[in-house]
Amino acid sequence: MEFSIKPGSPEKQRSGCVVVGVFDGGKLSDAAQALDKAAKHALSDIIARGDMKGQAASTLLLHNVANLPCERVLLLGLGKRAELNAKRFQDAIRAAMRVLQGTGAKDATLYVTELPVAQHDGAWCMAQAVLVAHETTYRFDRMKSKPEKKNIPLSKIYFGVLDSKHSASLQTALTQAAAIAHGVQLAKDLGNLPGNVCTPSYLAQQAVALAKTHKSLKATVLEEKDMQKLGMGSLLSVTHGSDEPAKLITLEYRGGDKKQKPIVLVGKGITFDSGGISLKPGLDMDEMKYDMCGAASVLGTLQAIAEMGLTLNVVGIIPTCENMPGGSATKPGDIVTSMSGQTIEILNTDAEGRLILCDALTFAAKFEPDTVVDIATLTGACVIALGHVASGLYSNQDKLAKELLEAGDYAHDRAWHMPLWDDYQPQLDSNFADMQNIGGRAGGSITAACFLARFTKDYRWAHLDIAGTAWKSGKEKGATGRPVPLLTQFLIGRAGK
Ligand code: BES
Ligand code: MN
Ligand code: ZN
């Protein structure tokens, strides 16, 4: 799908379909009014007859409207003008995209930048429309022997702007939105691939391939023997039961000044989490192929910023391995020494994410980071707390938390600030080592974050628990590509400073 900005009024568009908004009660948007006038009130007549009431996300497709050069007009219901928010807008665009894909239209012209979405401007509307359009056309059929060929003629989307001199900021927003959409797509593809294809070695190959495509990226892959030399006893304890070799991937993007300290993104890359000796129950265990979605979001975000050419320095770090049972697997009660020197009593081998992250977080300090953000499908408890809407956000600095929350709000890829108070720390006390790797059932997402906090004292740090947001279960099972939009927006904000 191609996207571009097209100045000019809607009644002049020789488009396959012109899409305009209608509010509750049949009130026409500005673009719809212009069409209606040129069409000698054909639209208001239809509305008067009661065929389109402007209900949120309703649609009415019209053909051969008199006096209009376009082949079709799609009236898009937006609900009450005062209630048009980000979610309503997205739902409406989703509905429009579904209708458009069912028509023979080769291109469509959307008049969305003029819409009064609460707290957002035209550039935002356009960017969101680009993301939604990608979302509705996404298919994962790589593993099908005969991919279903769906012939959708729609290949171009224009954003109609009434103002003939559209701003450069609109163009920037369009370029950035496309890059974010491609990053989301990469993250989804990696997430959806099965564990027997998307192994730690496969993730490493992907990072190397990304660095080949974008010369602003540099990939380095450390092997188990290198990790041993670094003293990563905690990370290595997780891979003991697996036949697949663990990898530690570093992907460096240097778009900023040489002296500028980098932002480091650390993504959990468990390519399959069986639980290890503390084996998970069988139901839905297949979904643990998604336990590398943090890693996928780091790759997606780095691809997005490389495509945009952001002026800042970012380092992606991906600790990746499988968590499997086996004769040499780590056992409950085993004690390991992390790269930081702190010892950990592993009471549950299924709490493995924190074990690979803690060593990666210690390793991150080598890059003298300005800020470190880790992203992980870390706890089932986070899903209980926040469901599938918000990611859990923890930070050792409130200012950083606020920055990430705001980036998430803007990108509509939201997070919720959770407590990281010392009061929770005693839950991790161990009788035999410096700490244990689980803190009991109470506050499970919080104690996981508290565990990580013990390894991030030397820098500004935030942790995103994406266990509830990285993929969908059930009939719509599939990766979401979150939180690539949040992370990329955060980095765009940093580059702008
Ligand atoms: N990858 C899982 C977390 C998870 C579980 C994400 C279900 C999404 C859905 C993680 O490694 C894990 O197993 N966590 C345990 C921790 C517990 C043993 C303290 C969990 O949440 O049950
Ligand atoms: Mn686990
Ligand atoms: Zn896990």
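This is a predicted model: local features need pLDDT of at least 70, side-chain atom pairs count only at pLDDT 80 or more; totals for chains, interfaces and linings use all residues.
View 1. A search of the whole structure finds 1 cavity of 30 Å³ or more. The largest cavity has a volume of about 60 Å³. Its lining includes Ser237, Val238 and Gly241. Gly276 and Ile277 also line the cavity, as do Asn323, Met324, Ala329 and Thr330. Ile346, Thr349 and Leu355 complete the list. By class, the lining splits into 6 nonpolar and 6 polar residues. No charged residue takes part in the lining.

**View 2. The manganese ion (ligand 2) and its donors.** Asp273 and Glu352 each coordinate the manganese ion (ligand 2) through the side chain, by OD and OE respectively. Asp350 contributes both its O and OD atoms. The distances run from 2.1 to 2.2 Å. There are 6 donor atoms around the manganese ion (ligand 2). Their angles span 70 to 168 degrees, so the arrangement is irregular. For comparison, the ideal angles for six octahedral donors are 90 or 180 degrees. In sequence, the donor residues follow the spacing D-x76-D-x1-E. Asp273 sits in strand 11 (residues 269-273). Asp350 lies in the loop between strand 14 (343-346) and helix 10 (353-364). The pair is 77 residues apart and links distant parts of the chain.

**View 3. Asp273 as a bridge between two metals.** Asp273 bridges the manganese ion (ligand 2) and the zinc ion (ligand 3). The two ions lie 3.2 Å apart. Asp273 counts as buried because its relative accessibility is 3%, under the 20% limit. Asp350 has 22% relative accessibility and therefore counts as partly exposed.

**View 4. Cys17 and its nearest cysteine sulfur.** A search of the whole structure finds 0 disulfides. Cys17 is in no disulfide. The nearest cysteine sulfur belongs to Cys70, 7.2 Å away. A disulfide needs two sulfur atoms within 2.5 Å. Cys17 has 0% relative accessibility, so the residue counts as buried.

**View 5. Cys198 and Cys293.** The closest cysteine sulfur to that of Cys198 is in Cys293. The two sulfurs are 9.0 Å apart, which is too far for a bond. Cys198 counts as buried because its relative accessibility is 1%.

How values were computed: Residues are numbered from 1 along each chain as its sequence is written. Chains are lettered from A and ligands numbered from 1 in the order in which they are written. Side-chain values use heavy atoms; hydrogens and water are left out. On a 1 Å grid over the protein atoms alone, a cavity is a set of points where a 1.4 Å probe fits but cannot get out, and a pocket is an open set with protein on both sides within 12 Å along at least five of seven lines; lining residues have an atom within 4 Å of a point. Grid points are joined across faces, edges and corners, and a volume is the space filled by probe spheres set on the points. Ala, Val, Leu, Ile, Met, Phe, Trp, Tyr, Cys and Pro count as nonpolar, Asp, Glu, Lys and Arg as charged, and the others, Gly among them, as polar. Buried means under 20% relative accessible area, exposed over 50%, partly exposed in between (1.4 Å probe, protein chains only). Donors are N, O and S atoms within 2.8 Å of the metal (3.2 Å for Na, K and Ca); water is not among the atoms, so sites may look incomplete. Four donors count as tetrahedral if all angles lie between 85 and 135 degrees; four count as square planar and six as octahedral if opposite donors are over 155 degrees apart and all others between 65 and 115; anything else is irregular. Helices (H or I, at least four residues) and strands (E, at least two) are DSSP runs, numbered from the N terminus.
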